[in-house]
Amino acid sequence: MVVLTSCLRTEEWELPSGSCESTTKANTTFQNVYDLYQGSTSKILEDLILEGYVISSDEKGNFFNTIHIQDRAINPIHGIQIEVDLRDSYLRFHPGDKVSIHLQGLYLGKTKGIFKLGSVFTSFGNLSVGRIPTHAVKNHIKRLCDQSITITPKHTSIGELQFQPSNTLIEIDKVEFSEEELGQAFAVTGETTKRKLIDCNDQNMLLINSGYADFSAEIVPGGMGSVTGIYYPENGVPQLIVRSRTDLNLKNERCADLITEFTSEFLFISEIADPDNASNARFVELYYSGPDSLSLKGWHLDRYTNDNLTLGSTIDLGDFVLYSDQTIVLASDAEAFELIYGFVPTLEAGLNSPADSNGDDNLVLVDPFGTIIDIFGVVGEDGSGTNHEFEDGRALRNFTIQRGNPVFTFSEWTVYNDTGAEGTSNQPQIAPQDFSPGSRE
């Protein structure tokens with residue numbers, strides 16, 4: 001991992017004379033080096049030489065004791081991190097310098113998905129990649145005499161980062177700090193701090209900042225624009241490290257608010273179950289009859305127990321996206337449901353949830369804006385002995401119904417129970433044969 005904290009050191013090293021290496025030639029590739037890794041940190045014994053371009057800089061303090069190298073100046077496909085015990089390494093190795101890395105005697109490791117080269121230390125009996133001692137850096141990293149060039153960052157987006165190799169320089173357009181980060185400093189003093197960046201499609205990634213960086217105390221900019229930095233995904237989590245404050249160009253107007261919550265009259269309650277023979281097989285089925293996909297972000301299903309006017313429990317439906325003619329099944333007990341009905345429910349809602357009604361409660365389907373889209377029963381009225389009692393039975397939405405109804409209309413339902421009012425069927429229902437979860441056929 002990149003260590004982004006810093007400390008003062010008493011020893012200094014002499015500035016280089018400007019000499020460079022002109023005869024060294026690479027005899028291996030980044031991919032071949034990756035292939036040497038066999039699951040644990042190990043020493044490289046062969047006389048291998050790798051060439052690449054420096055893309056990091058510790059001049060502003062956001063990098064500490066690491067140098068990052070990628071294989072190409074344009075459109076890189078590989079990158080690697082080198083651990084060095086070297087302060088102000090930017091004075092020796094500038095971004096854009098072409099360098100040769102002499103691998104013999106170094107150790108290769110992988111931490112949280114990031115390949116690293118360096119010396120070695122032992123922790124709890126395990127080898128880990130550590131810093132190359134100051135005096136040995138010149139033996140392993142040599143600046144080539146090729147003229148230093150400007151590295152062209154790869155233009156990409158947050159949504160495409162899964163295709164971007166780690167430890168390479170990228171530029172992401174149309175991003176901004178999330179609203180919760182506004183007014184905050186880049187980093188807490190002395191601590192590595194991660195701030196969230198989002199794009200105009202509400203996709204996000206993290207910006208890693210050192211509490212010792214020169215700009216750590218500055219307030220993050222509030223505009224939208226581009227950010228250039230080294231892509232550093234730990235365990236697949238997209239992250240970026242900038243070299244200086246100038247890597248952020250966020251001066252444009254922020255993204256327009258993204259509409260992510262939608263309503264629809266085509267989502268409704270289609271079946272409610274309270275089996276006479278298995279109370280742990282209770283469920284609620286929802287059906288979507290609309291033509292287009294519907295995100296359920298902000299939607300919830302509420303239960304008002306007996307004659308209560310106060311909400312008893314709720315199910316958050318926000319993780320689901322529905323497509324035309326699709327159902328979701330909310331079970332009180334997923335294990336029992338699967339055992340009885342033969343398939344896994346969409347969601348286990350738990351005991352005392354809206355999916356666990358004993359037949360005399362009222363259920364309300366609410367959209368993200370607080371509007372009641374559909375209802376079963378009458379809130380404030382105990383269902384016992386009424387036309388909305390389904391105790392030991394079932395409430396099935398008639399197949400001709402294709403829209404929700406915010407007012408309970410008994411004619412839209414076929415209701416089975418043990419003691420319900422006239423018009424209902426006093427016929428307890430047995431699971432699984434009397435129920436049809438997941439199907440509107």
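This is a chat about a predicted model of one protein.

Visitor: How high is the mean pLDDT of the protein?

Guide: The mean pLDDT is 93, and 96% of the residues of this predicted model reach 70 or more.

Visitor: And where does pLDDT stay under 50?

Guide: That happens over residues 1-17, and for this stretch the model has 46 contacts beyond four places in sequence.

Visitor: How many disulfides does a search of the whole structure find?

Guide: The search finds two disulfides, and one of the links joins Cys20 to Cys145, with a distance of 1.9 Å from S to S. In general terms, a disulfide is a covalent bond between the sulfur atoms of two cysteines.

Visitor: Is the link of Cys20 and Cys145 right-handed or left-handed?

Guide: The link of Cys20 and Cys145 is right-handed, with 100° about the S-S bond. Cys20 lies in the segment before helix H1 (30-36), while Cys145 lies in the loop between strand E9 (141-143) and strand E10 (154-156), so the pair ties together parts that are 125 residues apart in sequence.

Visitor: Let's switch to strands. In what order do the six strands of the open sheet come?

Guide: The order is E24-E23-E18-E17-E27-E28, and the pairing in this open sheet is mixed. At the edges are strand E24 (347-348) and strand E28 (413-416), each of which pairs on one side only.

Visitor: Do E23 and E24 run parallel or antiparallel?

Guide: Strand E23, which covers residues 326-331, runs parallel to E24, and two bridges join them. Leu330 has Leu347 in E24 as its bridge partner.

Visitor: What about E1, which strand is it joined to?

Guide: Strand E1 (residues 42-43) is joined by two bridges to strand E6 (residues 107-111), and these strands run antiparallel. Here Lys43 stands opposite Tyr107 in E6.

Visitor: And how many bridges are there between E6 and E7?

Guide: E6 pairs with strand E7 (residues 114-123) over five bridges, in the antiparallel sense, and Leu108 stands opposite Leu117 in E7. E6 and E7 form a hairpin with two residues between the strands, where Lys112 takes a positive phi near 50°.

Visitor: Where is Phe124, and what is its phi?

Guide: Phe124 sits in the loop between E7 and strand E8 (126-130). Its phi is near 55°, which is a positive value in a residue other than glycine.

Visitor: New topic: which residues does the cis peptide bond join?

Guide: A cis peptide bond joins Ala431 and Pro432, with omega at about 5°, and Pro432 lies in the segment after E28.

Visitor: Which residues line the largest cavity?

Guide: Among them are Val54, Asp58, Ile67, Tyr90 and Phe93, and by class the lining has four nonpolar, four polar and one charged residues.

Visitor: What is the volume of the second largest pocket?

Guide: The second largest pocket has about 320 Å³, and it is lined by 17 residues, with Glu176, Glu179, Ile198, Asp202 and Leu258 nearest its centre.

Visitor: How do the residues of that lining divide?

Guide: The lining of the second largest pocket has nine charged, five nonpolar and three polar residues. Strand E12 (residues 193-199) gives the largest share of this lining, three residues.

Technical notes:
Residues numbered from 1 in each chain as written. Predicted model: local features only at pLDDT ≥ 70, side-chain atom pairs only at ≥ 80, totals over all residues. Heavy atoms only, no water. Pairing = 2+ DSSP bridges. Helix = DSSP H or I, 4+ residues; strand = E, 2+ residues; numbered from the N terminus. 1 Å grid on protein atoms, 1.4 Å probe; cavity = no way out; pocket = protein on both sides within 12 Å on 5 of 7 lines; lining within 4 Å. Points joined across faces, edges and corners; volume = space filled by probe spheres on them. Nonpolar A, V, L, I, M, F, W, Y, C, P; charged D, E, K, R; others polar. pLDDT = per-residue confidence, 0-100. Contact = heavy atoms within 4.5 Å. Disulfide = S-S within 2.5 Å.
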